[in-house]
Amino acid sequence: MSERIYLSSPHMGGMELEYINEAFDTNWISPVGPNIDHFEQDISKYMSGIHVAALSSGTAAIHLALIILGVERGDEVICSSFTFAGSCNPIAYMGAVPVFVDSERETWNMDPELLKEAIEDRIKKGKKPKAIIVVHLYGMPAKLDEIIQIGKKYEIPLIEDAAEAFGAEYKGRKAGTFGDISVLSFNGNKIITTSGGGAFLSANNTYVEKAKFLSTQARDHAPHYEHSQIGYNYRMSNISAGIGRGQMEVLDERVRQRRSIFKFYEEKFSGLSGIEFLREPAGHFSNRWLTTALVDKHLLGVDREDIRIGLEKYNIETRPLWKPMHIQPVFKEAPAYTNGTSEELFNRGICLPSGSNLTTSDKERIMNKLTGLFKVTI
Ligand SMILES: *Cc1c(COP(=O)(O)O)cnc(C)c1O
């Protein structure tokens with residue numbers, strides 16, 4: 001059996017071990033230490049000075065964002081339906097209710113028209129949503145101007161889930177700098193990783209200080225352990241942050257590599273009408289975290305499951321697009337504003353191997369096996 005080709009695997013830059021060794025040499029084996037400070041500064045510099053708290057995961061960052069924005073039990077929070085469960089599980093941790101909004105076709109992210117409709121309908125039903133969680137799926141920025149404007153109009157704060165979009169840009173500005181609070185993830189499959197980790201970002205330093213406080217068990221200022229509110233153990237460790245420091249040095253290179261993989265697939269399939277790629281609308285710069293394709297069974301003779309199973313036989317990992325949250329069993333009671341887009345994307349879409357560490361021979365192997373599966377020749 002040939003070696004497995006993964007969808008997206010960790011890709012170290014080279015300096016990570018040195019920063020980890022530094023932590024060992026100075027005995028900062030803890031959720032405090034110089035790597036954490038450095039990593040936060042590196043992210044801040046990359047994101048034009050935004051304030052940063054490094055946390056144990058992106059999901060933890062979303063959870064703290066909801067707490068800090070004052071979401072309470074029984075409140076409603078709007079969230080993109082087409083996403084990974086980490087975006088909306090924290091709404092349930094709060095005892096709040098997710099309200100899902102479907103996607104538009106141009107970026108596959110939250111449809112601003114439907115968002116407006118959802119807000120007006122929730123208000124009519126007597127409950128104004130407490131926050132909006134907008135996701136930049138697969139690294140493609142959402143229609144931020146429209147969404148921000150709607151949030152402002154109804155005075156609902158925006159949480160920007162940029163977990164998949166580190167390095168992406170909207171109108172020349174980094175994704176992850178648009179929300180009242182924004183979130184990154186450094187899970188093992190993301191464009192850069194700390195093995196597991198996340199970040200809470202905001203232009204509002206009070207929010208970020210609050211996130212650091214809550215993420216370290218909400219300890220009041222006293223010589224003993226004094227607590228006047230519930231805290232969490234959500235801080236990033238100084239070891240993980242060492243990996244993060246090394247990864248920040250290669251982030252832009254990783255964006256270039258991921259974009260070049262996308263381009264590779266797009267060019268190879270340019271003459272084939274049964275495979276469709278997501279274009280970048282003007283002003284949207286995707287990090288192309290994962291290359292995604294929509295498969296047309298009528299034109300290709302195979303559907304996305306035929307392709308997934310077919311490639312799996314050759315030890316090549318692919319994955320269907322995210323299954324929308326509004327059709328997940330666990331969220332079946334949640335209100336949803338839908339237009340059929342995300343369900344169609346889920347039914348037809350596949351994520352192709354997109355790791356920045358794919359070799360030329362990996363790519364050849366993928367192309368050979370892929371084209372062998374199609375019932376048409378290219
Ligand atoms: C990965 C991811 C998260 C959660 O991040 P973790 O660090 O894995 O907790 C949230 N939202 C989206 C869209 C993600 O892809």
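1. A word on the model: it is predicted, with local features needing pLDDT of at least 70 and side-chain atom pairs counting only at pLDDT 80 or more, while totals for chains, interfaces and linings use all residues. Residues are numbered from 1 along each chain as its sequence is written, and side-chain values use heavy atoms, leaving out hydrogens and water.

2. Where does Lys190 sit? Its place is the loop between strand 8 (181-185) and strand 9 (198-202); strands here are DSSP runs (E) of at least two residues, numbered from the N terminus. Lys190 counts as buried because its relative accessibility is 9% (buried means under 20% relative accessible area, with a 1.4 Å probe and protein chains only).

3. Beyond its neighbours within four places in sequence, Lys190 is in contact (heavy atoms within 4.5 Å) with Ala163, Glu164, Ser185, Arg258 and Trp289. With Ser185, the side chains make a polar contact at 3.3 Å (N or O atoms within 3.5 Å; within protein, one must be able to donate a hydrogen and the other to accept it, and residues adjacent in sequence count only if both atoms are side-chain atoms).

4. Now to strand 2 (residues 76-80): five of its five residues are buried, so the strand is largely enclosed by the rest of the structure. Glu76, Ile78 and Ser80 point one way, and Val77 and Cys79 the other.

5. Strand 2 runs parallel to strand 3 (residues 97-101), joined by five bridges (two strands pair if DSSP finds at least two bridges between them). Glu76 has Val97 as its bridge partner in strand 3.

Terms used
Helices (H or I, at least four residues) and strands (E, at least two) are DSSP runs, numbered from the N terminus. Buried means under 20% relative accessible area, exposed over 50%, partly exposed in between (1.4 Å probe, protein chains only).
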